[in-house]
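Visitor: I would like to learn how to read helix packing and backbone geometry in a model such as this one. Could we go through it feature by feature?

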Amino acid sequence: MSKEKIEQNVYRHGKVLIQEKGYISPIDLLIKMERVTPKQVNDWRLKKIPNIESVTVGNLSKINHILKTLQKFAKEQNLKPSMTIYKSWGKGPKKTLQFSKKGNAYIEEVYSTHYVGVKPK
């Protein structure tokens with residue numbers, strides 16, 4: 001898929017997510033774009049998958065382009081960034097989930113930032 005097509009998909013799905021949920025999360029966007037399945041996300045939350053990047057469809061360059069395009073879209077739409085901590089589900093101690101294969105702090109922050117619609121005053 002070309003970069004232009006990726007950008008069109010991010011914008012299209014981003015608008016849908018804002019309408020549906022009032023916010024966009026990178027995980028929800030990746031599900032909408034069929035880069036990960038809801039089952040894979042569920043398995044990750046249950047600690048059955050070590051990180052999201054290990055199961056995403058497409059190379060890391062394309063995933064990074066999706067995430068950068070999401071940031072651009074969010075800025076253009078005046079969405080407010082909101083850091084979210086993802087903790088594991090299920091039995092046992094809750095641990096912070098990892099998005100990237102290497103645990104890079106910047107990449108982890110990009111994945112865990114939700115973009116929230118700002119309500120007019």
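Guide: Let us begin with a term: contact means heavy atoms within 4.5 Å. Helices (H or I, at least four residues) and strands (E, at least two) are DSSP runs, numbered from the N terminus. This is a predicted model, in which local features need pLDDT of at least 70 and side-chain atom pairs count only at pLDDT 80 or more, while totals for chains, interfaces and linings use all residues. Residues are numbered from 1 along each chain as its sequence is written, and side-chain values use heavy atoms, with hydrogens and water left out.

Visitor: Which residues of α1 are buried, and what covers them?

Guide: Buried means under 20% relative accessible area, exposed over 50%, and partly exposed in between, with a 1.4 Å probe and protein chains only. In α1 the buried residues are Ile6, Asn9, Val10, Tyr11, His13, Gly14 and Leu17, and their cover includes β1, α2 and α4.

Visitor: How is the packing of α1 against α4 described?

Guide: Two packed helices are described by the angle between their axes and the distance between the axes. Axes are lines fitted to C-alpha atoms, for helices over the stretch in contact, and angles run from 0 to 180 degrees between N-to-C directions. Here the axes of α1 (residues 3-21) and α4 (residues 60-76) come within 9 Å and cross at roughly 50°. Angles under 35 degrees count as roughly parallel, over 145 as roughly antiparallel, 65 to 115 as roughly perpendicular and the rest as oblique; α1 and α4 are therefore oblique to each other. On the α1 side, the contact is made by Lys3, Ile6, Glu7, Val10, Tyr11, Gly14 and Lys15, and on the α4 side by Lys62, His65, Ile66, Thr69, Leu70, Lys72, Phe73 and Glu76.

Visitor: Which residues of α4 are buried?

Guide: Those buried in α4 are Ile63, His65, Ile66, Leu67, Thr69, Leu70, Phe73 and Ala74, and what covers them includes α1, β1 (23-24), α2, α5 (105-112) and β3 (113-116).

Visitor: Where does phi take a positive value in a residue other than glycine?

Guide: Most residues other than glycine have a negative phi, and most peptide bonds are trans. Asparagine 78 has a positive phi near 60°; this residue lies in the loop between α4 and β2 (80-83) and, at 61% relative accessibility, counts as exposed. Glutamate 34, likewise not a glycine, has a positive phi of about 60°; the place of glutamate 34 is in the loop between α2 (26-32) and α3 (38-45), where its relative accessible area of 66% makes it exposed.
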